[in-house]
Amino acid sequence: MTSSPDHWWRDAVIYQVYVRSFADSDGDGVGDLPGITSRLPYLRDLGVDALWVTPFYTSPQKDHGYDVADYQDVDPLFGSLADADALLARAHELGLRVIVDLVPNHTSDEHVWFRAALASAPGSPERARYLFREGRGKDGSEPPNNWESVFGGAAWTRVPDGEWYLHLFDSTQPDLDWRNPEVGDMFEGVLRFWLARGADGFRVDVAHGLFKEESLRDQVITASGKASSGHVNPDHSMVKRELSDEPMWDQPEVHDVYRRWHKVLDEVGADRMAVAEAWTQTPESMAAFVRPDELDQAFNFSWLLTGWSADGFREVITGTLAAVGPVGASPTWVLSNHDVVRHATRYGGGPQGLARARAATLTMLALPGSSYLYQGEELGLEQADVAHELRQDPAWLRRREGIDDPGRDGCRVPIPWSGTQPPFGFGPGKGQPWIPQPADWAALTVEAQTGVECSTLEFYRAALAARRTFAGTAGDEVEIIGEDHDVLTFRRGPVTVVVNCGTAPVQLPAGEVFAASGELPGGVLPPDTAIWLR
Ligand code: BGC
Ligand code: MG
């Protein structure tokens, strides 16, 4: 596989900034663009190559920016277009690339198009940009089909004149009709707008969703009795045993959109990229998004859906490489993001969860392709408990009755920078952030961990620095060594990686240890620990 020097993303480490929760410059308790700009030196020193910034466009914030009312402006909550320009300029000065988030599946219900659609009659061109349909049943009072919203409840909402509109997410996020050419033209304009301002790439939200099967037929609910949500779905493991019927996801027509975008990006420069968020059902369908004339990368969520197990990790690594290799794309690896429980908590929480999280991170960072990190994981943050009355995630608000799942707020708590009490330097003064931070985060601040040899932050800094010594030159081949149920061993170029997922210490293989996720007392590799040897 050849890697053009322009294709910087092929071995990049990309850090996800969740705008609301990274750094607040004006003390209103919500993170913002000037806050990010002020902290860019931190990201450079951490050793990442790029940042992906979650949506900061004009938005009523019903889904914290994933409900966009104006794709070509900045929400005043986060700053201004001039602040976006300043962020891009400063990042580039520091040698960091910037990926912006693009939300093409749906708009906000406050977008001018949707307002116009509501103000216009059924059958009008204004309605034809969305998926308005008549209902079923007596007086059309039943939704047009049986689809469910990813956030719970019916995927349809009725408007006063009796028609229904489709929303695969919240009712404030109406789905666009991508069969209408106006929609594609609008998004080409949006791409060009941000490229011209200097964006290095796009993270494409719900990339597998844009087209629905044209008939909008009912979903066939499988024998197991469960409709697939096509999203953040634990069923989407590497080896999918039974495929669900998904007329709302992953339709073949979507690939023409990405062929068009590929040309737009190429026209601007070979150094611009796009990464798909596509919760497809199989590795092969994921790979289709990264064919040479489509997008450059797709998030590989299989690791994030796999437990702490050497066999599981092995399956994820071999399955991923087998899927993306044939299309020539670079693999990606993700352990955490703003939609899932933080990996230290998924692996059991406490000291053991953290040890495992660090080991999984070190393992991921040795692999070919790029790694996506989520803000706060470098501090060892765990999922926070957010009290019911403070929760804001629409996925929780729509479902709240009778479910155990507390929603996604717990991984979105503003990160602690300094000091001993909230807001831990997140913003100036004592103003409290939009979601309260746990009082016991004092030891986890950037300040508290800096210079502390075995802190999680110093571990990340050391691992990222060590990665730079081989990531660009070690090639894309991974040789898995052995089939031990407890210990995963693999070699990539000059580097051997050993991860102990078992319960007993194991002998260190020969070689010089040049990175470790934890201490190695007595010259053995303890459980829940990974090392790099050369
Ligand atoms: C984003 C979510 C968002 C959803 C709807 C996603 O996959 O990552 O945070 O709620 O798309 O836009
Ligand atoms: Mg602010």
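Okay, ground rules. What you see is a predicted model, where local features need pLDDT of at least 70, side-chain atom pairs count only at pLDDT 80 or more, and totals for chains, interfaces and linings use all residues. Residues are numbered from 1 along each chain as its sequence is written, chains are lettered from A and ligands numbered from 1 in the order in which they are written, and side-chain values use heavy atoms, with hydrogens and water left out.

Let's start with the metal. Which residues are the protein donors of the magnesium ion, ligand 2? They are Asp24, Asp26, Asp28 and Asp32, each through OD, plus Val30 through O, lying 2.2 to 2.3 Å from the ion. By donors I mean N, O and S atoms within 2.8 Å of the metal (3.2 Å for Na, K and Ca); water is not among the atoms, so sites may look incomplete. Along the sequence, the donor residues follow the spacing D-x1-D-x1-D-x1-V-x1-D. Asp26 is partly exposed at 48% relative accessible area, and Asp28 is partly exposed at 39%. Here buried is under 20%, exposed over 50%, and partly exposed in between, using a 1.4 Å probe and protein chains only.

Now over to ligand 1. It has 15 residues around it, the closest being Asp63, Asp205, Glu277, His338 and Asp339; a residue counts if one of its heavy atoms lies within 4 Å. An oxygen atom of ligand 1 is 2.6 Å from a side-chain N or O atom of Asp63. For Arg203 that distance is 2.9 Å, and for Asp339 it is 2.5 Å. The protein covers 100% of the 310 Å² of accessible area that ligand 1 has on its own (Shrake-Rupley method, 1.4 Å probe).

Last stop, salt bridges: a side-chain nitrogen of Lys or Arg within 4 Å of a carboxyl oxygen of Asp or Glu. How many does the structure hold? There are 37. One of them pairs Asp185 with Arg260 at 2.7 Å, N to O. Asp185 sits in helix H5 (residues 181–196) and Arg260 in helix H6 (residues 254–268), so this pair ties together parts that are 75 residues apart in sequence. Helices here are DSSP runs of H or I, at least four residues, numbered from the N terminus. Both partners are partly exposed, Asp185 at 46% and Arg260 at 31%.

How values were computed:
A polar contact is a pair of N or O atoms within 3.5 Å; within protein, one must be able to donate a hydrogen and the other to accept it, and residues adjacent in sequence count only if both atoms are side-chain atoms. Helices (H or I, at least four residues) and strands (E, at least two) are DSSP runs, numbered from the N terminus.
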